[in-house]
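Here's a quick tour of this fold, written to be read with the model open beside you.

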Amino acid sequence: MTDPLPAQLSAFVQKQGIVVDPEFSLHPSGVHSVVNCVFSAQARFEVVVLPLLARLNDRLPDVPELTFQTFVDDVDSLGVQGYAEDILRNRQRLSGRLKVEVAREVAAFFIRHRIQTTADFQKLKSCAAEHLVLVKLVQDVKGIGPTLAHYLLWLMGREDHVKVDSLLTRLFARIGDWQPRMGNDADRIRITQAIREVAAQMGTTAARLDNALWQFESRRKADSHA
């Protein structure tokens with residue numbers, strides 16, 4: 001039986017006039033991708049994450065050659081407490097730990113697997129990249145679950161992946177006759193497949209449509225609190 005969700009999503013996108021952001025771009029560096037991923041958890045992106053990334057960029061510019069080792073060494077020079085307070089000016093926690101500690105551990109994970117830059121990561125075959133992030137990273141780093149792992153994959157150039165977070169789950173609750181469950185694997189897969197199918201019809205990538213849907217729902221949430 002054909003899943004009706006892709007057709008329902010396509011109709012929703014057309015009705016709402018949702019279009020892919022023409023300025024959509026990925027971070028040149030793996031370091032900024034990791035920091036974006038970790039600090040986006042349970043945080044307002046425009047208010048918290050974007051200013052934090054700007055502060056990081058002042059110290060470690062977001063360029064392709066920025067290595068994970070450089071980031072780890074920089075954090076270690078001040079300690080996670082000092083880096084959180086003096087550089088990123090953010091003491092948010094993820095799974096009970098400072099987010100900068102989680103980000104440092106993700107960077108160290110990639111170093112152990114001989115990956116220093118996004119270019120190194122993109123040399124991996126798709127199945128190897130997915131296993132490394134979706135299985136090994138999730139197992140090894142406390143705080144990185146499937147949602148953040150998929151987000152990290154697309155931040156690092158695997159644009160067939162989707163970040164099924166609370167905003168996206170809430171949006172899909174208004175599409176079709178169902179109630180998607182946050183964190184449910186079957187619902188995450190169904191949402192991802194629908195986005196991939198509609199993105200292909202639109203001539204774009206799943207990550208870019210994901211971003212457009214996220215921006216739409218984020219604006220809607222902000223308007224409801226205005």
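A residue counts as exposed when its relative accessible area is over 50%, and as buried when that value is under 20%. Arg 114 is exposed, because its relative accessible area is 79%. Keep in mind that this is a predicted model.

**Backbone spots with positive phi**

- Arg 114 sits in the loop between helix 5 and helix 6, and its phi is positive, near 60°, even though the residue isn't glycine.
- Ser 95 is another non-glycine with a positive phi, about 55°, and you'll find Ser 95 in the loop between strand 1 and strand 2.
- Ser 95 is partly exposed, with a relative accessible area of 37%.
- Gly 157, which follows helix 8, has a positive phi too, near 105°.

**A buried arginine**

- Arg 97 belongs to strand 2 (residues 97–98), and at a relative accessible area of 15% Arg 97 is buried.
- Setting aside neighbours within four places in sequence, Arg 97 contacts Gln 92, Val 102, Glu 105, Val 141 and Lys 142.

**Helices tucked inside**

- Helix 2 is mostly covered, with ten of its ten residues buried; among them are His 32, Ser 33, Asn 36 and Phe 39.
- The buried residues of helix 2 pack against helix 3, helix 4, strand 1 (93–94), helix 5, helix 6 (118–122) and helix 8.
- Helix 8 (residues 146–155) has eight of its ten residues buried, so the rest of the structure largely encloses it.
- The buried set in helix 8 includes His 150, Tyr 151 and Trp 154.

**Nonpolar cores**

- The largest nonpolar core has 51 residues, and the members touching the most others are Phe 71, Tyr 83, Phe 110, Phe 121 and Ile 144.
- Elements giving two or more residues to this core are helix 2 (30–39), helix 3 (45–59), helix 4 (68–87), helix 5 (99–112), helix 7 (126–140), helix 8 and helix 11 (206–224).
- A second, separate core holds 22 residues, including Phe 172, Ala 194, Ile 195 and Leu 213.
- Not counting residues up to four places away in sequence, Phe 71 touches Val 31, Val 35, Leu 60, Tyr 83, Ala 103, Arg 104 and Ala 107.

**Helix 1 against helix 10**

- The axes of helix 1 (residues 5–16) and helix 10 (residues 185–202) come within 9 Å and cross at roughly 55°, so the two helices are oblique to each other.
- Their crossing is right-handed.
- Helix 1 brings Leu 5, Pro 6, Leu 9, Ser 10 and Val 13 to the contact, while helix 10 supplies Arg 190, Ile 191, Ala 194, Ile 195, Glu 197, Val 198, Gln 201 and Met 202.
- Sorted by class, that contact has nine nonpolar, two polar and two charged residues.

**Helix 3 against helix 4**

- Helix 3 and helix 4 have axes 13 Å apart and pack at an angle of about 145°, in a right-handed crossing.
- On the helix 3 side, Arg 55, Leu 56 and Arg 59 meet Asp 74, Ser 77, Leu 78, Tyr 83 and Ile 87 of helix 4.
- By class, this contact has four nonpolar, one polar and three charged residues.

Methods
Residues numbered from 1 in each chain as written. Predicted model: local features only at pLDDT ≥ 70, side-chain atom pairs only at ≥ 80, totals over all residues. Heavy atoms only, no water. Buried < 20%, exposed > 50% of the residue type's maximum accessible area, 1.4 Å probe, protein only. Helix = DSSP H or I, 4+ residues; strand = E, 2+ residues; numbered from the N terminus. Core = buried A, V, L, I, M, F, W, Y, C linked by side-chain atoms within 4.5 Å. Contact = heavy atoms within 4.5 Å. Axes fitted to C-alpha atoms, helices over the stretch in contact; angles between N-to-C directions. Parallel < 35°, antiparallel > 145°, perpendicular 65-115°, else oblique. Left-handed = near helix turned anticlockwise from the far one by under 90°. Nonpolar A, V, L, I, M, F, W, Y, C, P; charged D, E, K, R; others polar.
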